[in-house]
Amino acid sequence: MTSTLKIMGHPMYAHKLRSVPLLVSSFDKVWRPITATFYFPVGPGTGFLYLVNLYFLYQYSTRLETGAFDGRPADYLFMLLFNWICIVITGLAMDMQLLMIPLIMSVLYVWAQLNRDMIVSFWFGTRFKACYLPWVILGFNYIIGGSVINELIGNLVGHLYFFLMFRYPMDLGGRNFLSTPQFLYRWLPSRRGGVSGFGVPPASMRRAADQNGGGGRHNWGQGFRLGDQ
């Protein structure tokens, strides 16, 4: 035992001993983006805000899974991963400690954009189009929480995903920058009968389909009405 301690005390092994706490610290940092996403400091001043955001997560995440992403779990998981990665990068740049509210707001924003003309109800019976809901909630959280940074980041990340995945390639005829990785489809295969299209195709595509007499026209659907709140 004594000889072992003497060997470990040799300068050649000293840097290895010093590196152990650093290794543990680095390993701990790997998990911080995950724990920061699921942890929320619940207290007398934040308990109501926490419950409200849990309600928003359950309500609109369920509506996306059973509506726009019905039968396509891999696409839904990719949306969550993309939004989460963008929020983690933003959180590192802005030294944010909690990431739950931005992720919830990003999910809600995507739902609101896919159902933008749907009339929704909010507190005290107010009714408006779904496209305004993320900004109404931003103002509501500001009243009860006093800050809008988390909500604003969530809205911006949700807008980035919606624009790159749906708006730019489908409505504007641009390049498709986002696509679900194939390994996610292998893990979570799509079910038959799910919703297959979003938005309205570009005018050039509609004209080409009309010239073909409707042959091979893709059914883009009429949007996604998931029910009033």
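The legends below describe several close-up views of one predicted model. Residues are numbered from 1 along each chain as its sequence is written, and side-chain values use heavy atoms, with hydrogens and water left out. Because the model is predicted, local features need pLDDT of at least 70 and side-chain atom pairs count only at pLDDT 80 or more, whereas totals for chains, interfaces and linings use all residues.

**Figure 1. The chain as a whole, with nine helices and two strands.** Helices (H or I, at least four residues) and strands (E, at least two) are DSSP runs, numbered from the N terminus. Read along the sequence, these elements follow the pattern α-α-α-α-α-β-β-α-α-α-α. Of the 229 residues in the chain, 36% are buried, where buried means under 20% relative accessible area, exposed means over 50%, and partly exposed lies in between (1.4 Å probe, protein chains only). Contact means heavy atoms within 4.5 Å, and among the contacts between residues at least 6 apart in sequence, 65% join residues at least 24 apart.

**Figure 2. Helix α4 (residues 73-94) against helix α5 (residues 100-114).** The axes of α4 and α5 come within 10 Å and cross at roughly 135 degrees; axes are lines fitted to C-alpha atoms, for helices over the stretch in contact, and angles run from 0 to 180 degrees between N-to-C directions. The two helices, α4 and α5, are therefore oblique to each other, since angles under 35 degrees count as roughly parallel, over 145 as roughly antiparallel, 65 to 115 as roughly perpendicular and the rest as oblique. The crossing of α4 and α5 is right-handed; a crossing is left-handed if the near helix is turned anticlockwise from the far one by less than a right angle, and right-handed if clockwise. On the α4 side the contact is made by Tyr76, Met79, Leu80, Asn83, Trp84 and Ile87, which meet Pro102, Leu103, Ser106, Val107 and Val110 of α5. These residues divide into nine nonpolar, two polar and no charged, where Ala, Val, Leu, Ile, Met, Phe, Trp, Tyr, Cys and Pro count as nonpolar, Asp, Glu, Lys and Arg as charged, and the others, Gly among them, as polar.

**Figure 3. Helix α3 (residues 47-66) packed on α5.** The axes of α3 and α5 are 9 Å apart and meet at an angle of about 40 degrees, so α3 and α5 are oblique to each other. The crossing of α3 and α5 is left-handed. Among the α3 residues in this contact are Leu49, Tyr50, Phe56 and Arg63, and among those of α5 are Met100, Ile104, Trp111 and Leu114. By class, the contact of α3 with α5 has 14 nonpolar, two polar and one charged residues.

**Figure 4. Helix α4 and helix α7 (residues 149-171), with a view of Asp75.** The axes of α4 and α7 come within 10 Å and cross at roughly 135 degrees, so α4 and α7 are oblique to each other. Helix α4 passes α7 in a right-handed crossing. The contact includes Asp75, Phe82, Cys86 and Met94 of α4 together with Ile149, Val157, Tyr161 and Met165 of α7. By class it has 13 nonpolar, two polar and one charged residues. Asp75, which lies in α4, counts as buried at 8% relative accessibility, and, leaving aside its neighbours within four places in sequence, Asp75 is in contact with Phe69, Tyr161, Thr180 and Tyr185.

**Figure 5. Two loop residues, Asp95 and Pro41.** Asp95 lies in the loop between α4 and α5 and counts as exposed at 66% relative accessibility. The phi of Asp95 is near 55 degrees, a positive value in a residue other than glycine. Most residues other than glycine have a negative phi. Pro41 has its place in the loop between α2 (11-38) and α3 and counts as partly exposed at 34% relative accessibility. Not counting residues up to four places away in sequence, Pro41 touches Thr46 and Leu98; the C-alpha atoms of Pro41 and Leu98 are separated by 9.0 Å, although the two residues are 57 residues apart along the chain.

**Figure 6. Ile119 and two cysteines, Cys86 and Cys131.** Ile119 is in strand β1 (residues 119-121) and counts as partly exposed at 33% relative accessibility. Ile119 and Cys131 are twelve residues apart in sequence and 9.1 Å apart in space, C-alpha to C-alpha. Cys131 is buried, with a relative accessible area of 10%, and Cys86 counts as buried at 16%. A search of the whole structure finds zero disulfides, a disulfide being a pair of cysteine sulfur atoms within 2.5 Å.
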